[in-house]
Structures are given as structure tokens and as C-alpha cells.
Amino acid sequence: MRLYSTALGIAREDAPGELSLLDLPFSDLGALLRGPGVAAARTAAVLRRVPLDGVRVHAPVRRPGKILIVGLNYRSHAEEALEMFAAMGRPDIVLPAEPNFQVVAGSAVIAPGDDIRLPAVAAGQVDYEGEVAAVIGRPATAVDAADARDHLAGLTIANDVSARDIQKRAMSGDPIASIGVSKSFDTFKPLGPCLVTPDEFPEPLDLRLRTRVNGEVRQDDRTSGFLHGVAELVSFLSHYQTLEPGDVILTGTPRGAGVFSGRHLRPGDVVEVEVEHLGTLRNRVAAAPGTTGAPTGAGLPARTGEAGTANRAR
């Protein structure tokens with residue numbers, strides 16, 4: 001089942017390119033998941049049918065309670081990251097035996113078609129990361145991996161946009177910076193276009209993911225390259241905090257993020273994340289309101305005694 005949050009309400013794609021608007025008293029899928037759950041969308045009455053391209057599509061979950069970001073979960077990305085860590089003076093970092101994760105702000109979510117805005121305080125090294133996202137449908141507390149699939153509402157697409165200068169500072173030990181902050185700026189979590197329920201996917205998950213910037217393919221891999229599968233991630237994370245309906249887990253990105261080539265996002269760029277069977281998430285990059293779009297170099301406040309080094313990757 002393919003479900004959408006739209007400007008007209010919750011919709012189900014019963015035929016390719018055609019949405020059935022459902023008789024449900026909820027504004028988006030997040031509210032549905034926190035209420036009767038995704039099963040209610042299977043049996044809801046159809047109010048009317050409209051073409052998909054004629055409806056404004058929102059993020060499937062417009063305001064998740066929390067977003068959990070899993071890092072280094074594709075072997076291809078982990079290998080290129082290890083090379084970068086070594087160059088930063090951190091050869092001690094190795095491939096993770098357990099999932100590595102951060103919690104970021106749900107307020108960072110935007111819809112397909114919305115602009116990714118470069119923040120004025122950290123505009124110079126903003127990066128894309130195409131990902132498959134898992135959406136929680138039932139509360140999960142310390143669940144076994146064998147039962148984790150029962151707690152999923154479905155899968156969607158995400159772009160884990162990051163301010164790399166802040167992220168690098170956090171990774172090098174700067175107490176002012178944090179990885180969570182680098183990924184929590186407004187507009188930094190495009191999500192969508194739809195939610196596809198777990199019954200549509202066999203296990204193990206094997207979907208092709210491609211990220212394009214201005215039409216150029218930058219990332220191309222398959223989820224079969226995960227170090228930790230979706231069920232394992234749900235189980236692992238649920239032992240740290242209860243996963244609640246509408247929470248979103250970003251399952252990691254493959255090789256090819258811009259930080260490794262120095263090609264960061266600039267105003268006017270168009271980023272498309274395409275995932276097999278999930279569709280395409282497309283967003284344009286824009287300058288922060290009131291700025292020209294040129295990198296400002298302002299950054300977060302510097303460490304005490306390091307004035308003028310706020311954007312330096314250490």
C-alpha cells in the first residue's frame with residue numbers, strides 16, 4: 001500500500017498516478033499512526049479520486065517526534081569515511097560493530113519540492129545524503145529483531161542534509177559543535193514522497209538508491225550493502241529509547257556524498273534521491289532568506305582561545 005500526506009488529506013495510490021482521497025479525520029500520516037494506525041487506511045472509504053500530479057504532496061510525517069540518523073551503515077560509505085577520518089588524525093575509528101546513531105530535530109523535515117535553505121551561519125559546506133527511511137507504526141521498546149518488522153509503518157525516502165563544517169568540528173572534539181546540530185537546521189530533512197508499507201518489500205531488503213545533483217549521479221548503490229538491516233536497526237535503537245509511532249529512522253547513505261569530493265551544495269542546485277519502488281524525492285537548494293547565497297564563513301562560535309577558527313575542520 002502506497003500512502004501520501006497531501007494538502008487535501010491522506011491519500012492512497014490505488015492505481016499508478018491516481019490518488020484515492022480517504023475519509024479519515026487526520027491531516028497527515030503521522031497523526032494517523034499516532035491514532036488508529038496504518039491499517040485504518042486499508043479500509044477507509046474513498047471520498048474521491050484525483051491525479052497525483054494535481055495534488056500538493058507533503059512529507060509523509062510532517063513533524064516526527066524524533067528522527068534517528070544511522071551513520072556508516074553502507075560498507076561503501078564506511079570505507080570512504082575511514083579514509084577521511086584517518087586524514088583528520090583519527091585512524092583509531094574502525095568499522096562499527098554496532099549501529100552508530102544521532103537524534104536530530106523533527107522540525108528539520110520538509111516536503112518534496114520544498115527548498116533546502118543554506119543556513120547563514122553554516123552555508124559553505126552543506127552536503128546531501130540520499131537514504132531510505134523507516135517510519136515507526138507501533139511503539140517499540142527493547143524489541144527483538146525478529147519482531148521489529150511488526151513495529152514498522154513503512155519505508156520512504158530521505159535526504160540527510162548536513163553542515164559538514166560543524167560536523168567535522170564535532171568529530172574532532174570541539175565541545176561547542178555537535179553532529180546533531182549539523183543535521184538539524186531547518187529544511188535539512190526532506191522526506192517523501194510517499195510511505196510504502198512493509199508487506200511490499202521482501203527480506204532482506206534490496207532496493208537500488210541513486211542520488212543526482214543537477215542530473216549528475218553522485219550516489220548509486222543497493223540496500224543489500226547495509227551493514228545493519230532495518231529490523232536490526234529498529235531492535236537496536238529500541239533498546240536505547242522507546243520508538244513511537246511517526247518516529248523516523250534514516251538507515252544510512254552509500255558512497256558518494258559531496259564531502260569526499262569537495263562538491264558541496266550551492267543555491268540553484270537540484271537534488272534528487274531516487275529509490276526503487278519508493279519513487280523520487282526532489283528538492284532545490286536556496287540561499288537563506290536575506291542572504292546572497294555566498295558562503296558567509298560565520299559558523300558557530302569558536303572555542304575559547306580560538307577566535308577566528310570557527311569553520312576550520314580540526
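The side chain of Arg42 makes a polar contact with the side chain of Asp199 at 2.9 Å, where a polar contact is a pair of N or O atoms within 3.5 Å, one able to donate a hydrogen and the other to accept it, and residues adjacent in sequence count only if both atoms are side-chain atoms. This is a predicted model, in which local features need pLDDT of at least 70 and side-chain atom pairs count only at pLDDT 80 or more, while totals for chains, interfaces and linings use all residues. Residues are numbered from 1 along each chain as its sequence is written, and side-chain values use heavy atoms, with hydrogens and water left out.

**Around Arg42**
- Arg42 is partly exposed because its relative accessibility is 44%, between the limits for buried (under 20% relative accessible area) and exposed (over 50%), with a 1.4 Å probe and protein chains only.
- Although 41 residues separate Arg42 from Met1 in sequence, their C-alpha atoms are 7.8 Å apart in space.

**The aromatic cluster**
- Ring pairs link Phe101, Phe236 and Tyr240 into a cluster, given that rings of Phe, Tyr and Trp (its six-membered ring) pair if their centres lie within 6.5 Å, with planes under 30 degrees apart counted as stacked, over 60 as edge-to-face and the rest as tilted.
- Phe101 and Tyr240 pair edge-to-face, 5.4 Å centre to centre with 70° between the planes.
- Phe236 and Tyr240 form a tilted pair, 5.1 Å centre to centre with 45° between the planes.
- Tyr240 is exposed, at 51% relative accessible area, whereas Phe236 is buried, at 15%.
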